[in-house]
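Please keep the sequence and the coordinates open while reading.

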Amino acid sequence: MALRHLRLIAVNIDGVLLNDTFSPVIHRMVVRNGGVYTAELERSVLSQTQLKAAEALGVPGTPQEVVEEYFRERAAYLEGDPVRVMEGAGPLLERLRATGARMVCYGGLARGHFDEHLGAYASYFDGPGYVCTDAFRPGIREIAEDVFGLRCDQALFIDDVAKVAETARQLGAAFIGHPTSFEHSFQRQLMQRAGVRHLVGALDDIDEPLVRALDAEAAEGRLWPVEAAAGS
């Protein structure tokens, strides 16, 4: 199913290809320290650099200390709920590969995280294969323009975080939202607020008709809703 406009498909690692092991840990840290887990707190933490996320958590300690506490907490969490490849990830990558577009995986953790958990799927991805975006979250412009030499409107991003959707809208990139099923998450509501029109609950929902629809929308410049006129 060759595409006529989109040239790159970028797939987030944690929350899309791998299970969400971030939201539950963040929620646990906030609540344990007497905080209230709100949509705005979640929005200010997810898809930020580690130090900025640590500042936004409202947890005692310096940002670096909070980051270190987070990774200790995450390690404990993973003992009961380890990292796993999401159901449907392999077939999804097969479908996306069949589009002829270049593909890349990205996320906020170092390359070793990709190699450990998705090394068996590395052949699906082009260029560097994986881009760590911790230094430039969320990384849409950097991945599309700097890594692949494309315009943002030529790239499709598949992510579980609304902040990425907001940036995609600002830059004119295509976006598919795959919000986490974590019971305390606000990502689905935040994506809807950001104007995301393509939300999926399972990777199997990202099929050829959906990708073709996004390709057509990108070609015709109608990826995102048009803002209502002032005073209307």
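How much space lies in the second largest cavity? In this predicted model, the second largest cavity holds about 50 Å³ of space, and a search of the whole structure finds two cavities of 30 Å³ or more.

- Five strands make up an open sheet in the order β3-β2-β1-β4-β5, and their pairing is parallel.
- The edges of this sheet are taken by β3 and by β5 (174-177), and because each has a single partner strand, one side of each is left without a neighbour in the sheet.
- Neighbouring strands of the sheet are turned against each other by 25 degrees on average, with direction ignored.

- Strand β1 (residues 8-12) is largely enclosed by the rest of the structure, because five of its five residues are buried.
- In a regular strand, side chains alternate between the two faces of the sheet.
- Both faces of β1 are covered, with Leu8, Ala10 and Asn12 buried on one side and Ile9 and Val11 buried on the other.
- With strand β2 (residues 102-107), β1 pairs in the parallel sense over five bridges, and the bridge partner of Ala10 in β2 is Val104.
- With strand β4 (residues 155-159), β1 pairs in the parallel sense over four bridges; here Leu8 has Ala155 as its bridge partner, while Val11 stands opposite Ile158.

**Strand β4**

- Five of the five residues of β4 are buried, so this strand is likewise largely enclosed by the rest of the structure.
- The cover extends to both faces of β4, where Ala155, Phe157 and Asp159 are buried on one side and Leu156 and Ile158 are buried on the other.
- β4 also pairs with β5 in the parallel sense over four bridges, and within that pairing Phe157 has Phe175 of β5 as its bridge partner.

**Backbone features in loops**

- Most residues other than glycine have a negative phi, and most peptide bonds are trans.
- Ser47, a residue other than glycine, has a positive phi near 55 degrees; Ser47 is placed in the loop between α2 (39-45) and α3 (50-57).
- Ser47 counts as buried because its relative accessibility is 8%, under the 20% cut-off.
- A cis peptide bond, with omega at about -5 degrees, joins Arg137 and Pro138, and Pro138 lies in the loop between β3 (130-132) and α7 (140-147).

**Cysteines**

- A disulfide is a covalent bond between the sulfur atoms of two cysteines.
- A search of the whole structure finds zero disulfides.
- Cys132 counts as partly exposed, at 32% relative accessibility, whereas Cys152 counts as buried, at 4%.

- The largest cavity has a volume of about 450 Å³.
- It is lined by 31 residues, of which Phe22, Leu46, Ser47, Gln48 and Arg137 are the closest to its centre; Ser47 is the residue with the positive phi, and Arg137 belongs to the cis peptide bond.
- The elements that give two or more residues to the lining of the largest cavity are α1 (23-32), α3, α4 (63-80) and β2.
- By class, that lining has 17 nonpolar, nine polar and five charged residues.
- The second largest cavity is lined by residues including Phe175, Gly195, His198 and Trp224, and its lining has seven nonpolar, two polar and one charged residues.

**The largest pocket**

- The largest pocket has a volume of about 350 Å³.
- Of the 18 residues that line the largest pocket, Asn19, Asp20, Met86, His178 and Ser181 are the closest to its centre.
- The lining of the largest pocket divides into seven nonpolar, six polar and five charged residues.

How values were computed:
Residues numbered from 1 in each chain as written. Predicted model: local features only at pLDDT ≥ 70, side-chain atom pairs only at ≥ 80, totals over all residues. Heavy atoms only, no water. 1 Å grid on protein atoms, 1.4 Å probe; cavity = no way out; pocket = protein on both sides within 12 Å on 5 of 7 lines; lining within 4 Å. Points joined across faces, edges and corners; volume = space filled by probe spheres on them. Nonpolar A, V, L, I, M, F, W, Y, C, P; charged D, E, K, R; others polar. Disulfide = S-S within 2.5 Å. Buried < 20%, exposed > 50% of the residue type's maximum accessible area, 1.4 Å probe, protein only. Pairing = 2+ DSSP bridges. Axes fitted to C-alpha atoms, helices over the stretch in contact; angles between N-to-C directions.
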